[in-house]
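User: I have a structure open and I'm new to this. Can we go through it together?

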Amino acid sequence: MTLVTTPMYQATTRLFVSTTAGNSVTDIYQGNRFSQERVISYTELLMGQTLAQRTVDKLGLPMTGDQLKSRVKASAKPDTVLIDLAVQDESPVRARDIANTISDEFVVMVRELETPENGSTPDARVVVEQRASIPADPVVPRTGMNLMAGLAFGLVLGVGLAVLRDLLDNTVKEAKNLEDITGAGVVGTIPLDKERRKTPAIAFESDNSAIAEAFRKLRTNLQFLAVDNPPRVIVITSSVPSEGKSTTAINLALVLAEAEHNVVLVDGDMRRPSLDKYLDLVGTVGFSSVLSGAVSLDEALQKTRFPGLTVLTSGAIPPNPSELLGSQSARMLLNELRSKFDYVIVDSTPLLAVTDAAILAAAADGVLIIARHGHTKRDQLAHAVESLQNVGAQPLAAVFSMMPARGSSSYTYQYTYYGEAPNALRAPKKVAAAPPTSKPVPTDGALDTSDAASQSASETETSRSGGRRRRQDD
Ligand SMILES: Nc1ncnc2c1ncn2[C@@H]1O[C@H](COP(=O)(O)OP(=O)(O)OP(=O)(O)O)[C@@H](O)[C@H]1O
Ligand SMILES: [Mg+2]
């Protein structure tokens with residue numbers, strides 16, 4: 001607005017109104033009163049058409065009397081006989097000339113008006129007390145004012161939009177929400193970590209970053225679930241694509257392997273398999289190949305560079321994945337894997353896209369349902385849970401994935417402290433034989449600092465065996 005407004009300059013004059021005073025005090029007083037009353041009428045005349053037209057004619061201005069009239073402001077100070085006249089114009093010089101000319105013309109006009117018919121001295125007269133000078137700075141635009149108004153307006157608009165966005169936001173963002181919709185506890189909150197886009201697998205041996213700790217916490221929490229009948233065949237699924245299922249499956253398998261469990265990771269996504277790519281494995285021989293009888297299970301299982309982790313990729317993409325996954329052979333294969341390994345982690349397809357994940361879920365011990373923080377919509381999640389329930393499966397637990405980092409500095413401190421321990425802490429410690437169940441069972445799974453601290457502390461109380469860490473929670 002400041003840039004597009006034409007600058008206007010303002011010139012001012014001051015007029016003094018006096019009346020022919022008598023000699024007595026009363027006369028003087030009355031004369032004064034008379035002038036004050038006059039002043040009101042004079043301000044009207046100053047802003048009137050007649051005077052404007054006379055000024056236009058006299059100065060030869062390129063405007064009409066009406067146009068000039070709108071640029072003239074006259075105001076009387078209360079209880080005085082002074083009139084302030086202000087004229088605005090694009091040119092500072094012309095503003096001064098107009099102000100002065102109006103004032104001079106007004107002096108003449110008053111003399112004409114106030115002179116009695118008989119030609120005696122006029123009853124009142126006006127003197128130009130202060131003449132106009134060339135104004136240095138424009139009065140319009142008022143840059144400071146405009147900036148303040150812009151700022152205030154922007155602020156209100158911004159806050160308004162933020163509130164509106166929040167009101168319209170129907171994504172899952174809170175643990176309570178996730179629990180309500182899935183009907184299962186939140187056992188983990190995996191932070192967003194850009195590094196995972198390049199290398200999905202976390203090097204748990206040397207990594208103590210927030211995401212590594214989040215997976216360790218997920219491992220611990222999983223062990224609290226269904227303690228009488230711990231789930232060993234776990235299907236990982238979510239409502240829609242790209243919510244971090246495969247990445248979470250890989251790292252859950254790795255973190256379980258880190259705790260010296262014998263883990264097999266199965267790619268149950270026979271439509272868009274990704275484990276082979278994420279882990280640099282052979283993708284053509286796998287789950288589907290074993291089911292079709294082309295190869296034996298032992299031939300299809302692939303050892304990885306990670307100790308304790310074996311992978312069964314999805315194999316060649318079959319034309320009928322749902323049918324294949326729902327077959328008796330598939331169930332038998334999962335049972336065989338269960339007998340060979342401590343944990344069978346099955347990556348799968350999104351629930352809303354195809355039925356594959358629900359079919360796998362029916363054959364598994366438990367389903368871990370993933371919701372991408374701030375992306376997965378509540379109704380999508382609700383429908384996903386419904387499709388699980390349709391096959392008689394219930395989510396075992398829920399996990400938030402790709403939670404944007406907030407206040408990460410406190411974690412950094414903590415993990416550095418417990419992970420890269422100073423010399424005193426580095427000395428091998430005897431494991432305090434506190435059973436894990438003595439710890440309170442976390443219910444919300446949020447990365448509560450104190451919880452994370454106690455857990456990290458307990459997990460780092462390690463005794464080194466064969467160069468690998470043995471963790472207390474195992
Ligand atoms: N914690 C994370 N932090 C940052 N990026 C992540 C995280 N988890 C997953 N990603 C990225 O998000 C994208 C989708 O992840 P992923 O392939 O694991 O999802 P998905 O649910 O298995 O997808 P699909 O439904 O296609 O199988 C990938 O680019 C992955 O690198
Ligand atoms: Mg995937």
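Analyst: What follows covers the ligand site and then some single residues; note that this is a predicted model.

User: Let's begin with the ligand. Where does ligand 1 sit?

Analyst: Ligand 1 sits in the largest pocket.

User: Which residues come nearest to ligand 1?

Analyst: There are 18 residues around ligand 1, and those that come nearest are D193, K245, S246, T247 and Y278.

User: What lies 2.8 Å from an oxygen atom of ligand 1?

Analyst: That is an N or O atom in the side chain of S246. Backbone atoms are involved too: a backbone N or O atom of E243 is 3.0 Å from an oxygen atom of ligand 1. For P191, a backbone N or O atom is 3.1 Å from a nitrogen atom of ligand 1.

User: And how much of ligand 1 does the protein bury?

Analyst: The protein buries 88% of the 630 Å² that ligand 1 exposes when taken alone.

User: Which helices or strands supply at least two residues of the shell?

Analyst: Strand β5 (186-191) does, and so do helices α7 (195-198) and α9 (245-258). Helix α9 gives the most, with three residues.

User: What classes of residue are in that shell?

Analyst: Seven are nonpolar, four are polar and seven are charged.

User: New topic. Is T13 buried or exposed?

Analyst: T13 counts as buried, because its relative accessibility is 2% and the cut-off for buried is under 20%. T13 lies in strand β1, residues 9-19.

User: What does the side chain of T13 contact?

Analyst: The side chain of T13 makes a polar contact of 2.9 Å with the side chain of S103.

User: Now the backbone. Which residues are joined by a cis peptide bond?

Analyst: V140 and P141 are, with omega at about 0 degrees. P141 is in the loop between β4 (124-130) and α5 (143-168).

User: Why point that out?

Analyst: Because most peptide bonds are trans.

User: What about phi? Which residue has a value near 60 degrees?

Analyst: D79 does, and that is a positive phi in a residue other than glycine. Most residues other than glycine have a negative phi. S242 also has a positive phi, near 55 degrees.

User: Where are D79 and S242?

Analyst: D79 is in the loop between β2 (72-76) and β3 (82-89). S242 is in the loop between β6 (233-238) and α9.

User: Is D79 buried or exposed?

Analyst: D79 counts as exposed, because its relative accessibility is 69% and the cut-off for exposed is over 50%.

User: And K176, where is its place?

Analyst: K176 is in helix α6, residues 175-182. K176 is exposed too, with a relative accessible area of 57%.

User: How far is the C-alpha atom of K176 from that of V186?

Analyst: The two C-alpha atoms are separated by 8.3 Å, and K176 and V186 are 10 residues apart along the chain.

User: Last one, A316. Where is its place?

Analyst: A316 is in the loop between β9 (309-312) and α13 (321-325). A316 counts as partly exposed, because its relative accessibility of 47% falls between the cut-offs of 20% and 50%.

User: What separates the C-alpha atoms of A316 and M270?

Analyst: They are separated by 8.0 Å, while A316 and M270 are 46 residues apart along the chain.

Methods
Residues numbered from 1 in each chain as written. Chains lettered and ligands numbered in written order. Predicted model: local features only at pLDDT ≥ 70, side-chain atom pairs only at ≥ 80, totals over all residues. Heavy atoms only, no water. Near = heavy atom within 4 Å. Polar contact = N/O pair within 3.5 Å; in protein donor to acceptor, adjacent residues only side chain to side chain. Areas by Shrake-Rupley, 256 points an atom, 1.4 Å probe, with all protein chains shown as cover. 1 Å grid on protein atoms, 1.4 Å probe; cavity = no way out; pocket = protein on both sides within 12 Å on 5 of 7 lines; lining within 4 Å. Sits in = over half its atoms within 2 Å of the grid points. Helix = DSSP H or I, 4+ residues; strand = E, 2+ residues; numbered from the N terminus. Nonpolar A, V, L, I, M, F, W, Y, C, P; charged D, E, K, R; others polar. Buried < 20%, exposed > 50% of the residue type's maximum accessible area, 1.4 Å probe, protein only.
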